[in-house]
Amino acid sequence: MCDAKDTPAMELPPKERVEGARDKLCLKCKTAKPCVTIRRSLYCKDCFVRASVSKFRSALSKSRKRMPTLRVRAMVALSGGATSSAMLQLMADYQRMELKGFAAEPNYAGVVAGHVDESALFSGYNDSQICDIATAIGVECHVARLEDVFALEGDQAALLELVHATIAPGKVRDQLCVQLTRGDESTPAREQLRALFAGLGSATDREDMLDTIKSFLLARLVRQAQCGLLLLGDSGTRIASKLVSLTSRGRGFSLPLEVGAEAPFLGSNSGVTVYRPMRDFIMKEVAFFNLWTAQPSVVVPTFTTGAPETASIDRLTEAFVVGLDRDFCSTVPTVCRTVQKLELRPDALTAAQCIVCSMPAEASAQAWRNRLTVNVAPKDLPLEHIAVPSADVQPPLSTFDVTTRLCYSCQSLLHFAKPGVVLPAFCLQNYRDQIAGATSSDTESDFGAHLQQGQGRLRQQIEEFFI
């Protein structure tokens, strides 16, 4: 067995790395004392800021070469956190540099910020401070509120309510049944939003639903502002943790869309392109950049703020990746390089979109779940008294089985939700769009007759609510 001293490629402990850096000079200028160590490279303050700006512009240029988007307005998603605030400042400076004549023609027709107000869910959330960040930079800020997904507009008078959810093992198929319910105008949209999250089964499900709602609202803000590009502030550390958490939640089918450097936003039919220009930054770099450029940011609360690492899958994977990268600095770059090699499967480009998250829904998701799902029997109930639903059991005529309209992850989310949970308005709209474009040949082979009957009933009820 070789000795550790004979292996130069091994990582040094953090204490030894710090002590060994005290007598060295900045990697760039070779004259100043280093102030920060990034991936075993030493930088002084000025060189680090210049290197960060150069890294951002290089990432933006690479994305434009692969997916050229000429002369469009760009929207920067601003949550108020450290990464999104730094990205907004970098993007605004990049646009001003081009307008001053450093570029032959500006790449973007304009830059605006898009923000989703989450004060309906989190106490102490200060929306005005986040808007002030965009105002101080000189960027117009477009704001949407989480409760807007329950605001019924125009001919929208109905919502989808979850009434039945079963997942049985073996050959018995899943049943996730919903019914149309009239929107209650007497109940404030904020209360309906809180009821939705209170009915979800875990912190992981609540985080998943929150991300889905925020993505929908951002897409709507992009269309309202007439932008063709959305910039998301996912750092390399965040992308690495999302890769693990999304895979564990069953989102591998749509993974290239959710963590890729550039991809269509919310599926291929949205008409919006998303860039992640902060993918080459780790959290440590973002923190020092904001410190040395006096870039303000706010603390954005989440469902797991102050909770232990095991509170949710996202929280656990983030702690795991950060802890691993602390001692092995090549962890995040290696994962991010692997992410860029991911490609969508050919059938994902033509797959129907999930009515909840709008991501491609794999046709075989239900069969996959039936092979893996294990039902745990209550300890005080004999097995012969446990009712297992039959494949021939049909839902009541007033309900509709939407299982095949959901991706694997959203099937899990709704399975653990409480009956009576009312889904956001865009879920019904997505379902209506699918029904309107459906033909008799679109029916799935396994239970096409049942779905066709359900679609006919849905059309009748939609006519009652919307015409």
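**Surface, sheet and rings**

Tutor: The chain has an accessible surface of about 23000 Å² (Shrake-Rupley method, 1.4 Å probe), and 54% of that surface belongs to carbon and sulfur atoms. This is a predicted model, in which local features need pLDDT of at least 70 and side-chain atom pairs count only at pLDDT 80 or more, while totals for chains, interfaces and linings use all residues. Residues are numbered from 1 along each chain as its sequence is written, and side-chain values use heavy atoms, with hydrogens and water left out.

Student: What percentage of the residues in the chain is buried?

Tutor: Buried means under 20% relative accessible area, exposed means over 50%, and partly exposed lies in between (1.4 Å probe, protein chains only). The chain has 467 residues, and the buried share of them is 48%.

Student: In what order do the six strands of the open sheet lie?

Tutor: Strands are DSSP runs of E with at least two residues, helices are runs of H or I with at least four, and both are numbered from the N terminus. Two strands pair if DSSP finds at least two bridges between them. The edge strands, S5 (141–145) and S9 (262–264), each pair on one side only. The pairing in this open sheet is mixed, and the order is S5-S4-S3-S8-S10-S9.

Student: Which residue in S4 is the bridge partner of Ala77?

Tutor: Strands of a sheet pair through backbone hydrogen bonds, either parallel or antiparallel. Strand S3 (residues 72–77) pairs with strand S4 (residues 108–117) in the parallel sense, over six bridges. For Ala77, the bridge partner in S4 is Gly114.

Student: How many residues apart in sequence are the parts tied together by the pair of Phe48 and Trp292?

Tutor: Rings of Phe, Tyr and Trp (its six-membered ring) pair if their centres lie within 6.5 Å; planes under 30 degrees apart count as stacked, over 60 as edge-to-face and the rest as tilted. Phe48 and Trp292 are edge-to-face, at 5.5 Å centre to centre with 85° between the planes. Phe48 belongs to helix H2 (residues 45–66) and Trp292 to helix H9 (residues 283–292), so the parts that this pair ties together are apart in sequence by 244 residues.
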